Amino acid sequence: MQVIVGADRTRIVLSGEVDADLGPELQEATAEAEQRGLPIEVDAHHVTFMDSSGVAFLARLSIRSEHRVRLLRVPPTVRFLLEVTRIGELLDVVDDDVDEPFEPVEPPA
């Protein structure tokens with residue numbers, strides 16, 4: 001997982017299995033993104049599995065962010081969870097982000 005700060009938004013890139021093992025990292029990513037105060041987007045393109053920890057992470061982001069959180073390039077398994085849990089109603093789900101290029105302002109940590 002990476003948190004990348006851009007000029008006008010913060011991007012959290014998730015990959016692989018997003019489960020309870022990532023709990024501390026997900027909390028750290030939430031805190032770091034909140035601290036920036038910018039709109040947050042989560043790139044889920046490379047997520048292969050997500051459990052309730054990942055769903056809770058997305059819910060926490062959506063509740064704590066001053067801006068509506070965008071979820072980018074959502075794979076079918078994650079999209080299913082968003083629909084079943086209705087967390088998808090709290091997020092803007094975007095299939096592609098080619099219209100808005102992302103420019104990091106500092107190297108990823």
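**Note on the predicted model: core, helix packing and backbone**

1. In the largest nonpolar core, which has 26 residues, the members touching the most others are Ile12, Leu14, Val42, Met50 and Leu58. A nonpolar core here is a set of buried Ala, Val, Leu, Ile, Met, Phe, Trp, Tyr and Cys residues joined through side-chain atoms within 4.5 Å. Buried stands for under 20% relative accessible area, exposed for over 50%, and partly exposed for what lies in between (1.4 Å probe, protein chains only). At least two residues of this core come from each of strand S2 (10-18), H1, strand S3 (40-50), H2 and helix H3 (76-85). Helices (H or I, at least four residues) and strands (E, at least two) are DSSP runs, numbered from the N terminus.

2. This is a predicted model, in which local features need pLDDT of at least 70 and side-chain atom pairs count only at pLDDT 80 or more, while totals for chains, interfaces and linings use all residues. Residues are numbered from 1 along each chain as its sequence is written, and side-chain values use heavy atoms, with hydrogens and water left out.

3. Beyond its neighbours within four places in sequence, isoleucine 12 contacts (heavy atoms within 4.5 Å) Met1, Gln2, Val3, Ala29, Ala33, Ile40, Glu41, Val42, Asp43, Phe57 and Leu61.

4. Helix H1 (residues 23-36) packs against helix H2 (residues 52-64) at about 15 degrees, and their axes are 10 Å apart. H1 is therefore roughly parallel to H2, a term for angles under 35 degrees. From H1, the contact involves Leu26, Gln27, Ala29, Thr30 and Glu34; from H2, Ser53, Phe57, Arg60, Leu61 and Arg64. These residues comprise four nonpolar, three polar and three charged; Asp, Glu, Lys and Arg count as charged, Ala, Val, Leu, Ile, Met, Phe, Trp, Tyr, Cys and Pro as nonpolar, and the others, Gly among them, as polar.

5. Methionine 1 lies in the segment before strand S1 (2-5) and is partly exposed, at 30% relative accessibility. Leaving aside neighbours within four places in sequence, methionine 1 is in contact with Ile12, Val13, Leu14, Glu25, Leu26 and Ala29.

6. Arginine 73, in the loop between strand S4 (70-72) and H3, has a positive phi near 45 degrees and is partly exposed at 28% relative accessibility. Arginine 86, in the loop between H3 and strand S5 (92-94), has a positive phi near 65 degrees and is exposed, with a relative accessible area of 55%. Most residues other than glycine have a negative phi.

Conventions. Axes are lines fitted to C-alpha atoms, for helices over the stretch in contact, and angles run from 0 to 180 degrees between N-to-C directions. Angles under 35 degrees count as roughly parallel, over 145 as roughly antiparallel, 65 to 115 as roughly perpendicular and the rest as oblique.
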